[in-house]
Amino acid sequence: MAKLNVNIGGLEFKNPVTTASGTFGYGLEFADFMDLSKIGGIFVKGTTIMHREGNLYPRMAETSAGMLNAVGLQNKGADYFAETIYPKIKDIDTNMMVNVSGSTLENYIECAEKIAALENIPAIELNISCPNVKQGGMAFGVTPQGAAEVVRAVRKIYPKTLIVKLSPNVTDITEIAKAVEGEGADAVSLINTMLGMAVDAEKRKPILSTITGGLSGPCVKPVALRMVWQTYNAVKIPIIGLGGISNWKDAVEFMLAGATAIQIGTYNFVDPAISEKTVVGINDYLDRHGFESVTDIIGALEV
Amino acid sequence: MKKYMLDMKVTANVSLQPNYTLLKLTSEETLPAMLPGQFVEVRVDGSPTTFLRRPISINFVDKAANELWLLIQLIGDGTKKMAQCAVGDLVNVMLPLGNSFTIPTTDAAQTKLLLVGGGVGTAPMLYLGACLKAAGFAPIFLLGARSASDLLQLEDFKQYGEVYMTTEDGSAGEKGYVTNHSILNEVDFSQIYTCGPKPMMMAVAKHASSKNIACEVSLENTMACGIGACLCCVEKTSEGHVCVCTDGPVFNIEKLTWQN
């Protein structure tokens, strides 16, 4: 049994396996299928200061090895989260973290302040990379200046672990990562979904109500892995890798490329117990290769 | 209701028509309670173009045989792959998912229930009819299809109630659509349940509204997770966007915004 714990910005994780925001609800949805306390953390659904209805249906299009979504940050707002959802999830025995989204600096700050007040939420993941919202977070996330501006503002008022989720829809993700590192982010998570599109040939119409949407699933894994590797070579803060991880082997690959922890996203829809299985698989891998700690494989890629 | 993920064994795979197959699945454990209107999410292995599970409504639960029946219309690569299952194969299934049709609490003798199914939408009506009959009601089925060969499981339906039919080409029952069938005007129904193509359900809902009959419809919006996590399958309701997989698939038409 290898040591599985990792540390991100002062926050201890019992193991490096977490679940990605927007793919795991508030955790409770999966409680019948797995033991939530067996994984390192849960990033709950993207939360905004105000209630959002999200985009019109249809919001999903399947692809050969993944899917496109255009949910558009549907959520009932930070107050509803704090009053109604938080009491139900605050005692789940793992790191419960909230993905915070906004469309202006002010509402990023306001939302982060509300979540900061919740004792059992030790970290937020700042979403500056949602591709599905007009004037949404991605506007901040696609330039180093925009990313720096929002991180600077939130860092001033958010004292706990601050993770920033980066968009792959940029020319050079390392520039964005360096910018948020410079403003005091504790970690970066990458990648959010890639902007894509689906067409119905028979109807000669787009499948998604928004025409374009965010691509996720195994099809994006090589791109995500490349970006994690590039970012690992560009910043000193820890990286949480995600993008198409669907088993322990994918998770190990991301860690070898430089990720300190990983998120499982879209594959939760295929196997709702995959995150728990991934913890077991990583441990077996470490034992098989004689590693005493999972930290030994972070960035251990031999090039 | 607690949900399960089970590796279920195929006990039968019956081709009903070129485009429909009836899969019967069993489990080593006693199957959990399942309600009419609920659905399952089936993982499809070995189809390179199929990534997500396929949501399939519960067609019937044979408690004595510990069997779950799934009526599958072969539409895309995923459902076609499912139809290739052999007896003895294992299929991974999440169940039971979603809410259910409402079983009335009124006096059975005074309560006239109409179950309207169109195309593969007849699937959940069989189990609903069986449950209603078990609860003492005498359900009436109205099944619609393009032609006689598309009307499935008629012998099964007849075990649980009277069966009326419409076909678009007139090859069985009355010619036309379910909403044109004479039974709609001959009986004072207290409740209508429907599942099928959306235009059909909307027409049924319109009829029900015009006669002040309570009506529940079962929706099949495109879905990913099936458990309320991804928020992809939403339907606009009087309470805003809600998930068809958890707040539905069954909705009282009063909650929907179809009329607007």
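Reply: Domain bounds here come from an automatic or database domain assignment. For chain B, that assignment gives domain 1 (4-97) and domain 2 (108-218). The model is a predicted one, in which local features need pLDDT of at least 70 and side-chain atom pairs count only at pLDDT 80 or more, while totals for chains, interfaces and linings use all residues. Residues are numbered from 1 along each chain as its sequence is written, chains are lettered from A and ligands numbered from 1 in the order in which they are written, and side-chain values use heavy atoms, with hydrogens and water left out.

The C-alpha centres of domain 1 and domain 2 of chain B are 24 Å apart. Between these domains of chain B, 16 residues of domain 1 are in contact with 15 residues of domain 2, where contact means heavy atoms within 4.5 Å. The size of an interface is often given as the accessible area lost when the parts come together. For domain 1 and domain 2 of chain B, the buried area is about 1,400 Å², with 65% of it on carbon and sulfur atoms; buried area is the accessible area (1.4 Å probe) that two parts lose on being put together, summed over both.

Across this interface of domain 1 and domain 2 of chain B, the rule finds 0 salt bridges, a salt bridge being a side-chain nitrogen of Lys or Arg within 4 Å of a carboxyl oxygen of Asp or Glu. The rule does find 5 residue pairs in polar contact there, both residues at pLDDT 80 or more. A polar contact is a pair of N or O atoms within 3.5 Å; within protein, one must be able to donate a hydrogen and the other to accept it, and residues adjacent in sequence count only if both atoms are side-chain atoms.

On the side of domain 1 of chain B that touches domain 2 of chain B, the elements giving two or more residues are β1, β2 (20-26), β5 (60-62) and β6 (67-73) of chain B, strands (E, at least two residues) being DSSP runs numbered from the N terminus. The largest share of that side, 3 residues, comes from β6(B). The residues of that side of domain 1 of chain B divide into 11 nonpolar, 4 polar and 1 charged, where Ala, Val, Leu, Ile, Met, Phe, Trp, Tyr, Cys and Pro count as nonpolar, Asp, Glu, Lys and Arg as charged, and the others, Gly among them, as polar.

Note on methods: Helix = DSSP H or I, 4+ residues; strand = E, 2+ residues; numbered from the N terminus.
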